[in-house]
Number of protein chains: 2
Amino acid sequence: MHVTLVLFPQLTPLDAVGPYEALIRMPQSVVELAAMQPGSMTTSRGPLLLNADRSLASIASTDVLLVPGGPGTRALERDEALLAELRRLAAGARVVASVCTGALLLGAAGLLRGRRATTHWAFVDRLAEFGATPVHDQRVVQDGEVWTAAGVSAGIDLALGLIAALFDEELAKCVQLGMEYDPQPPFDAGSVAGAGPLIAGRVRAALG
Amino acid sequence: MHVTLVLFPQLTPLDAVGPYEALIRMPQSVVELAAMQPGSMTTSRGPLLLNADRSLASIASTDVLLVPGGPGTRALERDEALLAELRRLAAGARVVASVCTGALLLGAAGLLRGRRATTHWAFVDRLAEFGATPVHDQRVVQDGEVWTAAGVSAGIDLALGLIAALFDEELAKCVQLGMEYDPQPPFDAGSVAGAGPLIAGRVRAALG
């Protein structure tokens, strides 16, 4: 399997590294980190950099095109050169996937038209701007070859489902156990319903 | 809050980036990426590099010392220079934490002696070698100022608990909602009990 993870400046690191950690465990597979220009990508908030080894233009085709999110997507929704590359690679891919606001880039590229899709809870209604049907309250949405995940940490769930679909459930379970992905969040605050309106209001305000 | 995340060659990326994603959301805080020598660190299996901005020796003290795991820990258990730096920074820290086999480095540094601790399920019995009491079936173990997490993805749970302890529950819930950490793994295979002996045997064999 040939996976292309699309990097860009000001991406949210866990959006990319969550699914990466699962997908690199697939046998006979290559996961490559690509961007418009190779190099070190800044990430949201902190000092971590993520390196893109090659340009999207250098990739003839891929099986899985995966786009993470982050504050950087805002400017890129109008970056026609990037959107054209996403369309070109999506056309030949078996799976086109996003995590968090990566869905807004898929949408801006026209790849969500007529599809059910999701993204980070604070942005999910924006999917309608791109002709998609926003799906609330579903962590991973598959519509044909298009897979979209909710915010940040949801990319891990997406990747495990993808491995089961592309290979088989047994491999997905091996990957899950290898990552000891038996999550036990200390609070029930990972959804707006669980966190409540006060917490949700604070987080939404901070997102700007 | 001053957090030092210790990087080294051949670390498991999600071990570091999971807690990083949560901890960088703490207000008035600095999360720094440090290693014996600054530079790009290789990671297990794939092409991703993680950058260390500074040397451990350049850090006078820190509040939170966090050590991720990965295949690279095997060689480092006998790296006296690194273990001495871990001991030095741990001595002044409010919290000493590990994810996955990062616990084996804390153990080799003598920091787990007499403590209850955990690590990746496949290595948890090794903690006894370092005078620790291995805790099975608990995802995050706190014993005084020492916090240890189970494998790879457990660092996210640890970090949220840590934010609640260092700040308050409301901030931890805001961070959890910001990351939309409402995990829904597609399979019940994140623990040996859930995955069963066949899957566990396959994963253990692959770990070598």
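Biologist: In this predicted model, which residues does A:L7 touch, and what makes them contacts?

Modeller: Leaving aside residues up to four places away in sequence, A:L7 touches A:A16, A:L33, A:A34, A:A35, A:M41, A:L50 and A:A52. Two residues are in contact if their C-beta atoms lie within 7 Å, so each of these pairs is called a contact.

Biologist: Which residues touch the most other members of the largest nonpolar core?

Modeller: Of the 157 residues in that core, they are A:L7 and B:L7.

Biologist: What makes strand β6 of chain A, residues 64-67, a paired strand on the side of β1(A)?

Modeller: Two strands pair if DSSP finds at least two bridges between them, and 3 bridges join β1(A), residues 2-6, to β6(A), the two running parallel. Within this pairing, A:L5 stands opposite A:L66.

Biologist: How many bridges link β6(A) to β7(A), residues 95-98?

Modeller: There are 4, again in the parallel sense, and A:V64 has A:V95 as its bridge partner.

Biologist: Which way do the side chains of β6(A) point, and are they buried or exposed?

Modeller: A:V64 and A:L66 point one way, A:L65 and A:V67 point the other way, and all are buried. In a regular strand, side chains alternate between the two faces of the sheet.

Biologist: Why are β5 and β10 of chain A said to stand at the edges?

Modeller: The open sheet has 7 strands in the order β5-β2-β1-β6-β7-β11-β10, with mixed pairing. Because β5 (54-55) and β10 (140-143) of chain A each have a single partner strand, one side of each is left without a neighbour in the sheet.

How values were computed: Residues are numbered from 1 along each chain as its sequence is written. Chains are lettered from A and ligands numbered from 1 in the order in which they are written. This is a predicted model: local features need pLDDT of at least 70, side-chain atom pairs count only at pLDDT 80 or more; totals for chains, interfaces and linings use all residues. A nonpolar core is a set of buried Ala, Val, Leu, Ile, Met, Phe, Trp, Tyr and Cys residues joined through C-beta atoms within 7 Å. A residue is buried if 20 or more other C-beta atoms lie within 10 Å of its own, exposed if 12 or fewer, and partly exposed in between; C-beta atoms are placed from the backbone.
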